[in-house]
Each structure stands twice: as structure tokens, then as C-alpha cells.
Amino acid sequence: MSTWDSIGGAICVAISAAGLIASWLAWRKRGAISGMRGIAWSLIPLAAYLTNSVLLIGRIASAIGRFAGAFVFSPKSWAGVIVLALALLLFVVSGGLPLLNWRKARERRHRAAGAGKDDGAVGPRGGTAGGAPAAVEAPRRPARAARAAEPDDDMSEVEAILRQRGIK
């Protein structure tokens, strides 16, 4: 019979009782929501004892303690931490992971595709279909407005068209 089996029930009941008293005080001082939340937290140790989970929780806590003790005092573990830090530093210095730069790559592809278009055809924001020459050239937006509309989502394009037409 382990230590947790013999004293686990008493400890769990004592923790739950202390938590219920603190919850009652919190209920009176800060209101019902705070008191109910305290009661919920207070019932967890009692539920752990009644479901025979106290031994499992004790084993988990013991394993975490042994791991932490072995990690802190192991030169091999610290060498691994240093190697991991070096790898992360190299990723950051080299521009990060390529998969995380998908937005920048998409913008570059859009710019490259837009560079080869005919000057007479108006793009998707110009309003003419099929690349036919526009009867009236759309007014150019100032650079500041173009920088504000950089996020590439559908709503920014719609908002720009509405602002162009004077509709808010």
C-alpha cells in the first residue's frame, strides 16, 4: 500500500473543505460567479479521490519531479538546449521557415503576374471585362491609400471601389 493510498483521501477532503470555505467567503465578498467558480475548483480534489485518480496524479507529479531533477543537473540535457537554441537562431537569421512566408510569396507571385499585362487593359480593380481597353481610365490612388489597402482580402477591394464611387 502506497503513501497516497493511505493519506490521499484525508488530504483531498481537507483541500476540498478549505476550498469550499474560501469559496463561501469569495461568494459573499465578490459575488455568485466568483463563488461558483471557487466551488468548482474546490470539488476537483474530492472528485480525484472518489474516482481513485489520486494515485495516478501522485505518479504523474513524481515523474515530472524526477524528469525536472534529471534535466536540471544533466550536462547532456543542457547541451541539447544549446543546440536547439542555435537551430532556432539560424532559422531566424536566415529568414525563418519557408512555409511561414506564404503571404510574402503569394504577393510576389501576384506582382510578377501583374507585371506582364497590357497597359490598355484594366485589371480586376478597373472594372472592364476581358482585357478590353477602358473607356475612362480609373483615377490613380495616392500611395498612402495603396499602402493602407495592402492586406489582400476581398473586402478591402470592395471598400476601395465604394470609396471611389463616393459611397461609404
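This is a predicted model: local features need pLDDT of at least 70, side-chain atom pairs count only at pLDDT 80 or more; totals for chains, interfaces and linings use all residues.
Modeller: The expected span of a helix is 1.5 Å times one less than its number of residues.

Biologist: What span does helix α2 reach from its first C-alpha to its last?

Modeller: Helix α2, residues 32-50, has 19 residues and reaches 27 Å, close to the 27 Å expected.

Biologist: Where in α2 does a kink lie?

Modeller: A kink of about 30 degrees lies at I44, shortly before the proline P45. After α2 comes N52, with a positive phi near 60 degrees.

Biologist: Which residues of α2 are buried?

Modeller: The general idea concerns the helical repeat. An α-helix has 3.6 residues a turn, so residues three or four places apart point the same way. In α2, the buried residues are S34, G35, G38, S42, P45 and A48. For the protein chain of 168 residues, 11% count as buried.

Biologist: How is the crossing of helix α3 and helix α4 to be read?

Modeller: Angles of 65 to 115 degrees count as roughly perpendicular. The axes of α3 (residues 54-72) and α4 (residues 75-93) cross at roughly 80 degrees and come within 6 Å; the two helices are therefore roughly perpendicular to each other.

Biologist: Which residues of α3 and α4 meet there?

Modeller: From α3, A70, F71 and V72 meet S77, W78 and V81 of α4. The residues of this contact comprise five nonpolar, one polar and no charged.

Biologist: How many helices and strands does the protein chain have?

Modeller: The protein chain has seven helices and zero strands. Residues 24 or more positions apart account for 39% of its contacts with a separation of 6 or more.

Definitions and conventions
Residues are numbered from 1 along each chain as its sequence is written. Side-chain values use heavy atoms; hydrogens and water are left out. Axes are lines fitted to C-alpha atoms, for helices over the stretch in contact, and angles run from 0 to 180 degrees between N-to-C directions. Helices (H or I, at least four residues) and strands (E, at least two) are DSSP runs, numbered from the N terminus. Angles under 35 degrees count as roughly parallel, over 145 as roughly antiparallel, 65 to 115 as roughly perpendicular and the rest as oblique. Contact means heavy atoms within 4.5 Å. Ala, Val, Leu, Ile, Met, Phe, Trp, Tyr, Cys and Pro count as nonpolar, Asp, Glu, Lys and Arg as charged, and the others, Gly among them, as polar. The bend at a residue is the angle between axes fitted to the seven residues ending there and the seven starting there. Buried means under 20% relative accessible area, exposed over 50%, partly exposed in between (1.4 Å probe, protein chains only).
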